Amino acid sequence: MKLVVITAPDFLPDEAQALTQLLDAGLDRLHLRKPGCTEEELETLISLLPAEHYGRISLHDHFALQARYRLGGIHLNGRNPHAPEGFKGLLSRSCHSLEEVARFGPLTDYYFLSPIFDSISKQGYRAGFDPEQLRQAAREGILTRRTIALGGVTADKLSLLHDLGFGGAALLGDIWKDYRSAADLPALLARFGELAHIAREVEKA
């Protein structure tokens, strides 16, 4: 299973160091999501990341930076629903219903479906699907290995997600919930290491 990390919405202390070490540790894709930030703020963060990792980074905002830094992709959502003219790279999108998956999925390289479980980062944001509904969607070819599960994803849920037909999982609340500064990096990397190990094992099963 592929693992995607989405940044916390606010800028965190020593964040560039944390993101670099996650990418160094083998993270499949990093999504830079900072709603409300300025282009200059986002560019500063990008400039602190090693260029060797740029191909595995996608932007949720300020798409001009994708071409400027030759980043790997952009992510579409309700806030930014269209790719820039002439865009070249990986295209992903947020979907919140199976109807949206059927509509937008074929137009993207991969897409997030959420919320699969009760959200960790958004209080009161409850799971939007039941397992049988997702299994049926997989049988119908709506849910595919290009579908990335988002919302309440933790290590103990990766096996279920694989069995349901998801090709990957996006991590947000669980990965950042205890991170405050560089002092928390060992715990952050240990958590990611556990997730990466389980993701590899479920693919072998």
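Predicted model: local features only at pLDDT ≥ 70, side-chain atom pairs only at ≥ 80, totals over all residues.

Student: Why is Thr108 called buried?
Tutor: Buried means under 20% relative accessible area, exposed means over 50%, and partly exposed is in between (1.4 Å probe, protein chains only). Thr108 has 9% relative accessibility, so it counts as buried.

Student: What is Thr108 in contact with, leaving aside its neighbours within four places in sequence?
Tutor: Contact means heavy atoms within 4.5 Å. On that basis Thr108 is in contact with Leu91, Ser92, Arg93 and Arg146. Its side chain also reaches the backbone oxygen of Tyr110 at 3.3 Å.

Student: And why is Asp184 called partly exposed?
Tutor: Its relative accessible area is 22%, so Asp184 is partly exposed. Asp184 sits in the loop between α7 (173-176) and α8 (185-204); helices here are DSSP runs of H or I with at least four residues, strands are runs of E with at least two, and both are numbered from the N terminus. The side chain of Asp184 reaches the backbone nitrogen of Arg180 at 2.7 Å.

Student: What makes Lys34 and Glu15 a salt bridge?
Tutor: The term needs a side-chain nitrogen of Lys or Arg within 4 Å of a carboxyl oxygen of Asp or Glu. For Lys34 and Glu15 the closest N and O atoms are 2.7 Å apart, and the pair forms a salt bridge. Lys34 is in the loop between β2 (29-32) and α2 (39-47) and Glu15 is in helix α1 (residues 15-24), so the pair ties together parts 19 residues apart in sequence. Both Lys34 and Glu15 are buried.

Student: Which residues are linked with Asp174 in a network of salt bridges?
Tutor: Lys177, Asp178 and Arg191 are linked with Asp174 in that network. Asp174 forms a salt bridge with Arg191, with the closest N and O atoms 3.4 Å apart. Asp174 counts as buried because its relative accessibility is 5%, whereas Arg191, at 23%, counts as partly exposed.

Student: Why is Lys204 called exposed?
Tutor: Its relative accessible area is 65%, so Lys204 is exposed. Lys204 meets Glu201 in a salt bridge (3.4 Å, N to O). Glu201 has a relative accessible area of 36%, so that one is partly exposed. They are 3 residues apart in helix α8, which means about one helical turn separates them.

Student: How do you know that β5 and β6 pair?
Tutor: Two strands pair if DSSP finds at least two bridges between them. Strand β5 (residues 90-95) and β6 have 4 bridges, in the parallel sense. β6 also pairs with strand β7 (residues 147-149), again in the parallel sense, over 3 bridges.

Student: Which residues touch the most other members of the largest nonpolar core?
Tutor: Leu161 and Trp176 do, out of 66 residues. Such a core is a set of buried Ala, Val, Leu, Ile, Met, Phe, Trp, Tyr and Cys residues joined through side-chain atoms within 4.5 Å. Helix α8 gives the largest share of this core, 7 residues.

Terms used
Residues numbered from 1 in each chain as written. Heavy atoms only, no water. Polar contact = N/O pair within 3.5 Å; in protein donor to acceptor, adjacent residues only side chain to side chain.
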